[in-house]
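Please consult the sequence and the structure shown here while reading the points.

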Amino acid sequence: MSRGVVFLFATILDFAAKNRLPAMYTAPVWVESGGLMSYAPDILGNWRRAAYFVDKILKGAKPADIPVEQPTKFELVINLKAAKQIGLTIPPNVLARADKVIK
């Protein structure tokens, strides 16, 4: 990650925290860095699926003949420290649906 991206990343997280904004992000890395929550496709699962397509192409399949797929597995990650910092209570039914809760 470049310095510019890291700076932007930190600036957005700080802005959300200082203004008590319940922000939701597009990747778990944001939540692991202090963001409130993310809901995003399972990146590891997507990479595994990409390997499946590479295998098919290397075995002679035409890329144009391979159907486009959408992600089918998504992950909800919640950071309870960030929720507490902005005075937000996450309902138990939402926590129960989370794939990962950072305490």
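1. A salt bridge is defined here as a side-chain nitrogen of Lys or Arg within 4 Å of a carboxyl oxygen of Asp or Glu. The model is a predicted one, in which local features need pLDDT of at least 70 and side-chain atom pairs count only at pLDDT 80 or more, while totals for chains, interfaces and linings use all residues. Residues are numbered from 1 along each chain as its sequence is written, and side-chain values use heavy atoms, with hydrogens and water left out.

2. Helices (H or I, at least four residues) and strands (E, at least two) are DSSP runs numbered from the N terminus, and two strands pair if DSSP finds at least two bridges between them. The strands here form an open sheet of four, in the order E1-E2-E3-E4, with mixed pairing. Strands E1 (24-25) and E4 (100-102) are at the edges; each has a single partner strand, so one side of each lacks a neighbour in the sheet.

3. Within the sheet, strand E2 (residues 37-41) and strand E3 (residues 74-79) run antiparallel and are joined by five bridges. Pro41 has Phe74 in E3 as its bridge partner. In general, strands of a sheet pair through backbone hydrogen bonds, either parallel or antiparallel.

4. How many salt bridges are counted by this rule? The count is four. One of them joins Lys100 to Glu32, with the closest N and O atoms 3.2 Å apart. This pair links distant parts of the chain, since Lys100 is in strand E4 and Glu32 in helix H2 (residues 28-32), 68 residues apart. Accessibility is classed as buried (under 20% relative accessible area), exposed (over 50%) or partly exposed (in between), with a 1.4 Å probe and protein chains only. Lys100, at 39%, is partly exposed, and so is Glu32, at 47%.

5. Lys73 and Asp42 also meet in a salt bridge, at 4.0 Å from N to O. Lys73 lies in the loop between helix H3 (43-58) and E3, and Asp42 in the loop between E2 and H3, so the pair ties together parts 31 residues apart in sequence.

6. Glu69 is in the loop between H3 and E3 and Arg49 in helix H3, 20 residues apart. Glu69 is partly exposed at 37% relative accessibility, and Arg49 is partly exposed at 33%.
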